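This report describes one protein structure for a reader who has not seen it before. The sequence and the structure come next.

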Amino acid sequence: MHRFHIFVATFASEVDAASFTEKQWEPEPGDEASDEEYAAWEGRNPSWPMRAEQGFTYLDGDFVETIWGDGDTGGSDVNWRYLASLVDSDDAARCRDVAPPGSNTLVIIHQQALGGFDISFRSTSTMTYCGCFQARG
């Protein structure tokens, strides 16, 4: 059965949320860049603040969802309806219970993102870890 790791967080905008939870790339150096400059660029890219904050060496970004806002009023609340469509209502309620006031973002990491590695998730100063939950079924 499919499993999800669920986080809640607060960000000022959808762009801020995605900038934290998704890979970020600086513009690629032009043809005039030296081999050393290009190698330095490769070493810095991609940056991925969420992965760095969690301390992961591996995470497949194709299986990470960032849901900012509730769909009706932008970023004013977490989209609890969406979460309830993924997991049992009791599990969604547990996430709601641990969500800090003002939370407006869901971060959903599908089990496939782990690539078979044993990764331990945790709450950080940016995100609150709700837990790992089975998909509705």
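Is threonine 128 buried or exposed?

## Threonine 128

Threonine 128 counts as buried because its relative accessibility is 17%, where buried means under 20% relative accessible area, exposed over 50%, and partly exposed in between (1.4 Å probe, protein chains only). Threonine 128 lies in strand E4, residues 127-134. Apart from neighbours within four places in sequence, threonine 128 touches Ile6, Phe7, Val8, Val98, Pro100 and Ser123; a contact means heavy atoms within 4.5 Å.

## Basis of the model

The model is predicted: local features need pLDDT of at least 70, side-chain atom pairs count only at pLDDT 80 or more, and totals for chains, interfaces and linings use all residues. Residues are numbered from 1 along each chain as its sequence is written, and side-chain values use heavy atoms, with hydrogens and water left out.

## Overall layout

The protein has 5 helices and 4 strands, in the sequence order β-α-α-α-β-α-α-β-β. Helices (H or I, at least four residues) and strands (E, at least two) are DSSP runs, numbered from the N terminus.

Of the 137 residues, 39% are buried. Among contacts between residues at least 6 apart in sequence, 75% join residues at least 24 apart.

## Strands E2 and E3

Strand E2 (residues 64-68) is largely enclosed by the rest of the structure, because 4 of its 5 residues are buried. E2 runs antiparallel to strand E3 (residues 105-110), and 5 bridges join them; strands pair if DSSP finds at least two bridges between them. Valine 64 has isoleucine 109 as its bridge partner in E3.
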